[in-house]
Amino acid sequence: MHLTFTIHRFNPEVDSTPYSQEFRLEVGRGMTVLDALIGIKNECDGSLALRYSCRSAICGSCAMTINGSEKLACRTSLRKELERHGHIAVAPLRNLPVIKDLVVDMASFWKKIREVEPWLVSGVRHGDEGSPAQVQGRANPQFHNVDACIMCGACVAACTVHEVSKGFIGPAALAKSDRFLSDPRETRSATGTRLSSLQGDHGIWDCTRCNFCVEVCPKDVKPMEAIIRLRRASLDRGLTKTGGAQHVLGFTALIEEQGRLNEAIMPLRVIGPSSRGLLHVLPLGIKMLFKGKIPYPFAHGLPGLSHVQALIQRVKRAIPPV
Ligand code: SF4
Ligand code: SF4
Ligand code: FES
């Protein structure tokens, strides 16, 4: 069977703008998108640039945008893509600079991975209470599968925050950081330093929890859940000065006090009594007031408030410290 492929092309040395090019290729049963791209490169146009190595979903180098979603080309079945979309369109990963055709520049990705110091800061010394390996064995830590990451970059390309804020440290680096949070060999002070470094602009509180990183990850790493664990650990250790942390604490406190979110009080809880900060959100507040989105600030608790409070207490008791 012959199939038509639409492939994103761009060679910055000769092209002023990217363009799409169609190729027709004879395809067989069981072929992946990567098989087809290699076929196109070998039989139709040797100048097509793509990155791959293992062809087995291990090295992470063949991540690209296939029919609009971030996927590993080597484990994406042509037949399934065709059944679902009726065509095959291939483009580079989004939101990363294109070097040529399907190859993106991963420099910013690796820089962010390095920034989270992806190595163990061990406080266990030989001869103390056991070697690091013994401590690790005894503790039986849960890494929540974050160590399965193959650094493909798909989550970063799909991240809605990274799309608008390239400085955001991003889901892959944060998942990597979470892996060391779970390691019993790392000292408490090292973990504290690790978490403190993630509190600022572009850190853990920038994530909007859109879940796209979870959806596209080919290794089921669930980076968003790793970010939530990092946030919980930060709160547990008293790192509560950021707007994000104040938002979580203020939100929970309001639900506990009134049984519902009260938008009239929420800015005070998040920003505090700072007149400059409150002036900043005033225009939004006025708009919300006219749209009927702001309840009476001194509203009494909802009926059944005691049930909500009991539920919150129960959840708090059930969640172990990270
Ligand atoms: S959940 Fe957070 S980290 Fe994941 S894609 Fe959405 S904004 Fe990015
Ligand atoms: S977390 Fe998943 S999507 Fe992100 S780099 Fe690792 S393997 Fe790829
Ligand atoms: S070629 Fe290695 S993951 Fe696809």
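In this predicted model, F5 stands opposite I88, a residue of β5. The two strands concerned, β1 with residues 2–9 and β5 with residues 88–91, pair in the parallel sense, and 3 bridges join them. Strands of a sheet pair through backbone hydrogen bonds, and they may do so either parallel or antiparallel.

Helix α1, which covers residues 33–43, packs on the sheet, where it touches β1, β2, β3 (63–66) and β5; the direction of α1 makes about 95° with that of β2.

The sheet as a whole is open and has 5 strands, which follow one another in the order β2-β1-β5-β3-β4 with mixed pairing. Its edges are formed by β2 (19–26) and β4 (69–72), each of which pairs on one side only. If direction is ignored, neighbouring strands of this sheet are turned by 35° against each other on average.

We can now turn to the second topic, the shell of a ligand. Which residues are the closest to ligand 2? Of the 17 residues that surround ligand 2, the closest are C149, C152, C155, C217 and V221. Among the helices, α5 (154–158) and α7 (171–181) each supply at least two residues of this shell, and it is α7 that contributes the largest share, with 3 residues. Sorted by class, the shell around ligand 2 holds 14 nonpolar residues, together with 2 polar residues and 1 charged residue.

How values were computed:
Residues are numbered from 1 along each chain as its sequence is written. Chains are lettered from A and ligands numbered from 1 in the order in which they are written. This is a predicted model: local features need pLDDT of at least 70, side-chain atom pairs count only at pLDDT 80 or more; totals for chains, interfaces and linings use all residues. Two strands pair if DSSP finds at least two bridges between them. Helices (H or I, at least four residues) and strands (E, at least two) are DSSP runs, numbered from the N terminus. Axes are lines fitted to C-alpha atoms, for helices over the stretch in contact, and angles run from 0 to 180 degrees between N-to-C directions. Two residues are in contact if their C-beta atoms, placed from the backbone, lie within 7 Å. A residue is near a molecule or strand if its C-beta atom, placed from the backbone, lies within 6 Å of it. Ala, Val, Leu, Ile, Met, Phe, Trp, Tyr, Cys and Pro count as nonpolar, Asp, Glu, Lys and Arg as charged, and the others, Gly among them, as polar.
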